[in-house]
Amino acid sequence: MSDKERKPLEGASRRESTEKNISNEKVEGFKFNCVLENRLGAALPHLKSIKINHISSEPERCESLYSQAPSQPAEETYREKHFLLASVQHIPSAIIPVYGLEVIVYTTAQLTTIFVSKADSTGFMHLVQWPKWASSPMTTIASVFLRLLADVFQKPNKRLVVSLFARSQHTYLFPGSGDNDGKNVLSDSALIRWWARVMNLVMDLDQPEHDDTIEQAQRRIKAYPATSQVYLRVPGCSAAETKRFVPGSLNDSSPFRSVSLAADPFELLAPRADLPARCMIPHFYDDPKTRFADELDGYDKLKSDGNWSSVTSLDGFWDLMQYRQECAAGKLVGFVWGVFTPSEIYEKEIAHPSSPSAAQGHTSTTDPTASDEKVPNRFSSIFDESTTCLRNPGPNLGGTASALSLEQAQRVILSEKSYDDAQTALAKGDFSDKMERGELHPWESSMASMQSYVDHVCSLAEIKNFGYLCEGKMPEPEVEEPEPNDEKGEAANDQRESKEEEAGSRKRRAISDLTGGNDETKPKSSPVKPRNYNHKETEPVPINVLSSGMIRKKPKPNSG
C-alpha cells in the first residue's frame, strides 16, 4: 500500500472532539447511512432489535496465502480482520451478548478471499421471544454481514471467494458458554447443513434491492457479480452423499449445483492453470487443510515444479485429507466455498473460452484493450476514496481509510496489534450461566464480560462508547385464506371432506365391534367384485356331473 493511501484522513483532527461518542448519536455535519443497520433492519422481524458492536483492523501486509512455485515471487497480500458482536435486550437494564462472528479478508491483485474464522453463540437467545415465522437471528446476522462484506470488496476485474470450515465444537469465541442450558450445540451434520443454508443466502443473486451506497457504487464501477456458485466438500463423502447437506433443489439458478458437490474451486481461483496442487491450496489460520499441507511440506520431498512427491493432485490431497486432522476424529467436517464472478470476467470467458487468462478470470494490467475507466486500487474496497471514516484517528488507529466508511458502518478501526489485544480480552471473559459468584441472574457474568470487552476497545481507541441498535422492520407475512371458488380452496375442501368421511368410517367400525355387528349404522356389505369386474359379464358355465352307473367302486379285499 502506498504512502498516499496510508496518509491520515484530512480533517480528522477537526472531527476528533465530535467523534468521541459514536454510540447512536448523529454527529453534526455528517449524514449517517449505515448500510449494515439498514440491511439487518430489513431482515429482522418488526419490533425486534439487536445491538451491534463492530470492530476491525487496518489493512496490513501479510504472508501470501499460497505456496509459491519455484522462481515465482511471493504474491503481495493484505489482511483485514472484522469482528461483529450481536446483543439483545432482555430487560431495560440487561443487554446480553448472543452471537459473535469473526471474518478475515485477504486481498491480492487477482483475488479477494473472505475467510470465516470463528462463529459462536452464548446460549442466551432463548431469553427473547423470537417470532416463529422469522428466520433464526444467527442465520440472518451471518448471511447479511457476509454478503455486505462481499458487496464492499467485490471488484469488476477479479473474483471473490467466501471460504469457511464447519466443525462442531462447544466453544469458539465465548469461554464458559459451552455448558449453558440454552445453548444449542449443533451436531456435525447439522452444522454443515446450517452453514450450507447460510452460504446459499449469501451467494443468492436475487437479493432485494436496498438502493444504498454500496449498490450504487457497484453499479457505478460495474462490479456487481454476474454468476455465483457454492462448492461443498465433506471428506469421506461422495457427491451423492454430499447432496443431503444441500438446501433446496439443484438447478441452474441455485448457487449450489451438482458439479460443485464433493468439489473445490481451487483450480478456478488459481492464477495459472499449470500450477501444481501444492500451490493451489490456501493457508488459513487454524485450518486443517493448512496443517496437513504444512505436514506434507515437513516430510515430503518437493519435485522440481514445486509439488509434493507423494501427493501430485488435488484429488489425491483430499483422499488423504479424510484420514488426517479433524476429518479422522469420528465426526463429519465440511468445507464450503462461495465464488462470485463479476460481469467483466464472465463476459470475457463467454467471448474467449479458450483463453487461459479468461478461463482463470484474471485481467492483465498491460492489456491495451483494457478500458480507460478509473478502477479503484487493487488492494482496497470500492469505498477507499471516501474521506470520512467512523473512528477516532488516535495513535492506535493509524488513520488508514478502510473498507467501510462513515456512510456504511459505525465501527471502531484499530491497528492489527490492538485488534488482537481486544480479542484476547474477549477470550478472558466468562459467559457461563452457572451463577457461581453470587449473581442474581444467569446472564450477569456474560453482561459483565461484554461490558469489560467494550470498555477495553474504547480505551484502545480513546473513545467513550461505540455500537448501534438495529431495529427490525420486516412485517409478519400475511397468510391468505383460499376462497371457496379457488382451485386450492376446492382441493382443501375435498381433502377435509375425505378426512371427515374416513373418521366417520372408523367410528362406525368401532361401534360395530362393540355391538357385535348388529348396529344399524353398520353399512350393508356389497358383493365382492371379481378381478375382471370391468369385463362384460357372461353366463355361468354348467358343470359336468357323472351319472351313478359310470362310477365303479373298487372291491374290498377279504380280511380272512
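Predicted model: local features only at pLDDT ≥ 70, side-chain atom pairs only at ≥ 80, totals over all residues.
How many nonpolar, polar and charged residues does the lining of the second largest pocket have? Residues are numbered from 1 along each chain as its sequence is written, and side-chain values use heavy atoms, with hydrogens and water left out.

View 1. Grid points are joined across faces, edges and corners, and a volume is the space filled by probe spheres set on the points. Of the 34 lining residues, Tyr99, Ser121, Asn184, Leu186 and Leu191 are the closest to the centre of the pocket. By class, the lining has 17 nonpolar, ten polar and seven charged residues, where Ala, Val, Leu, Ile, Met, Phe, Trp, Tyr, Cys and Pro count as nonpolar, Asp, Glu, Lys and Arg as charged, and the others, Gly among them, as polar. At least two lining residues come from each of strand 6 (111–121), helix 4 (137–153), strand 7 (159–166) and helix 5 (188–202), and strand 6 gives the most, with seven. Helices (H or I, at least four residues) and strands (E, at least two) are DSSP runs, numbered from the N terminus.

**View 2. The second largest cavity.** A search of the whole structure finds two cavities of 30 Å³ or more, a cavity being a set of points where a 1.4 Å probe fits but cannot get out. The second largest cavity has a volume of about 60 Å³, and its lining consists of Tyr66, Thr113, Val161, Ser163, Phe266, Leu269, Pro282, Phe284 and Trp337. Strand 7 and helix 8 (266–269) are the elements that give two or more residues to this lining, which divides into seven nonpolar, two polar and no charged residues.

**View 3. Helix 9 against helix 10.** Helix 9 (residues 288–299) and helix 10 (residues 314–321) pack at an angle of about 105°, with their axes 11 Å apart; axes are lines fitted to C-alpha atoms, for helices over the stretch in contact, and angles run from 0 to 180 degrees between N-to-C directions. Helix 9 is therefore roughly perpendicular to helix 10, since angles of 65 to 115 degrees count as roughly perpendicular, under 35 as roughly parallel, over 145 as roughly antiparallel and the rest as oblique. In this contact (heavy atoms within 4.5 Å), Pro288, Lys289, Phe292, Ala293 and Leu296 of helix 9 meet Phe317, Trp318, Leu320 and Met321 of helix 10. These residues divide into eight nonpolar, no polar and one charged.

**View 4. Helix 3 against helix 4.** Helix 3 (residues 35–43) packs on helix 4 at an angle of about 140°, with the axes 10 Å apart, which makes helix 3 oblique to helix 4. Val35, Leu36, Arg39, Leu40 and Ala43 in helix 3 meet Thr140, Ile141, Val144, Phe145, Arg147, Leu148 and Asp151 in helix 4.

**View 5. Helix 13 against helix 14.** The axes of helix 13 (residues 416–427) and helix 14 (residues 444–461) come within 9 Å and cross at roughly 160°, which makes helix 13 roughly antiparallel to helix 14.

Technical notes
1 Å grid on protein atoms, 1.4 Å probe; cavity = no way out; pocket = protein on both sides within 12 Å on 5 of 7 lines; lining within 4 Å.
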